[in-house]
Amino acid sequence: MANAAPGRDFWVFGYGSLVWRPAFPHLRQRPGYIEGWARRFWQGSTDHRGVPGRPGRVVTLVPEAGARCWGMAYEVAAERLAAVLEVLDHREKGGYEQLRTSLHFPGRESGDPAPDALVYIATASNPNYLGPADLEAIASQVRGASGPSGPNSEYVLRLASALRTIGARDEHVLALEAILLRASG
Ligand code: SIN
């Protein structure tokens, strides 16, 4: 993390699998949101929820004016940050890069400073990027994909459930979940 102030505790913000499975040591966790980004199933996964030649679809963030993306924020101790980021860089190596952005927590008064957080984002320039598609087409791709971390449909359903648990409503995730549940019901 080239530009993070060294020697201080730092927030990592998760909006995909990191919401329900951080799997790294942290001091505390809190639901929060970032502004100007929308969560979309536009990133291909060939190392977690798909395989080369049959990629799954996982979430990334796309810029959208006025959007708010809810997720889970984890505060990492200064002395653990380098090791945690090494683990996360490996876990997110299928096209994600680090981005720093302001993190907001519910109940924050306007004028309160928003801490910086680190978030992993897969931009359109990475080789696994798939981009927009009709939700039915996304669902059919998800249904047919599975990888070392498990079935792609499990990723979608766990994300939807984890967001529900923190009271976050994401229409894109809910609509995909509904199609998958309809198809399996
Ligand atoms: C994240 O969870 O913040 C990154 C995307 C993913 O691993 O699903």
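These notebook entries record what I looked up in the structure, from the whole chain down to single residues.

**Ground rules.** I am working with a predicted model, in which local features need pLDDT of at least 70 and side-chain atom pairs count only at pLDDT 80 or more, while totals for chains, interfaces and linings use all residues. I number residues from 1 along each chain as its sequence is written, and side-chain values use heavy atoms, with hydrogens and water left out.

**Whole chain.** I find 5 helices and 7 strands in the protein, where helices (H or I, at least four residues) and strands (E, at least two) are DSSP runs numbered from the N terminus. Read from the N terminus on, the elements follow the order β-α-β-β-α-β-β-α-β-β-α-α. The radius of gyration is 16 Å, close to the 16 Å that the globule rule gives for 185 residues, so the protein is as compact as a globular protein of that length; the radius is taken over C-alpha atoms, and the rule is 2.2 Å times the number of residues to the power 0.38. I also noted that the C-alpha trace spans about 45 × 30 × 25 Å along its principal axes.

Of the 185 residues, 47% are buried, a term I use for under 20% relative accessible area, with exposed meaning over 50% and partly exposed in between (1.4 Å probe, protein chains only). Taking contact as heavy atoms within 4.5 Å, I see that 75% of the contacts between residues at least 6 apart in sequence join residues at least 24 apart. The mean positions of the 20 positive and 19 negative charges are 5 Å apart; Lys and Arg count as positive and Asp and Glu as negative, without His and the chain ends, and each charge is placed at NZ of Lys, CZ of Arg, CG of Asp or CD of Glu.

**Helix H2.** Which residues of H2 are buried? In this helix, residues 81-91, I list Leu81, Val84, Leu85, Leu88 and Arg91. Seen down the axis of H2, these buried residues fall within an arc of 120°, so they line one face of the helix; the arc is that of the directions from the helix axis to the C-beta atoms. An α-helix has 3.6 residues a turn, so residues three or four places apart point the same way. On the other side of H2, Ala82, Glu86 and His90 are exposed. The cover over the buried residues of H2 includes strand S1 (10-14), helix H1 (17-20), strand S3 (56-76), strand S4 (96-102) and strand S5 (116-122).

**Tyr120.** I then turned to Tyr120 in strand S5, which is buried at 3% relative accessibility. Leaving out residues up to four places away in sequence, Tyr120 touches Tyr15, Leu85, Leu88, Asp89, Glu92, Tyr96, Glu97 and Gln98.

**Thr101.** Thr101, in strand S4, is buried at 14% relative accessibility. With the residues up to four places away in sequence again not counted, Thr101 touches Ile34, Trp37, Pro115, Asp116, Ala117 and Val119.

**Gly32.** Gly32 sits in strand S2, residues 28-45, and is buried with a relative accessible area of 0%. Among the residues that Gly32 touches, beyond four places away in sequence, are Phe13, Cys69, Trp70 and His104.

**Ala23.** Where is Ala23 found? I place Ala23 in the loop between H1 and S2, where Ala23 is exposed with a relative accessible area of 53%. Its phi is near 55°, a positive value in a residue other than glycine.
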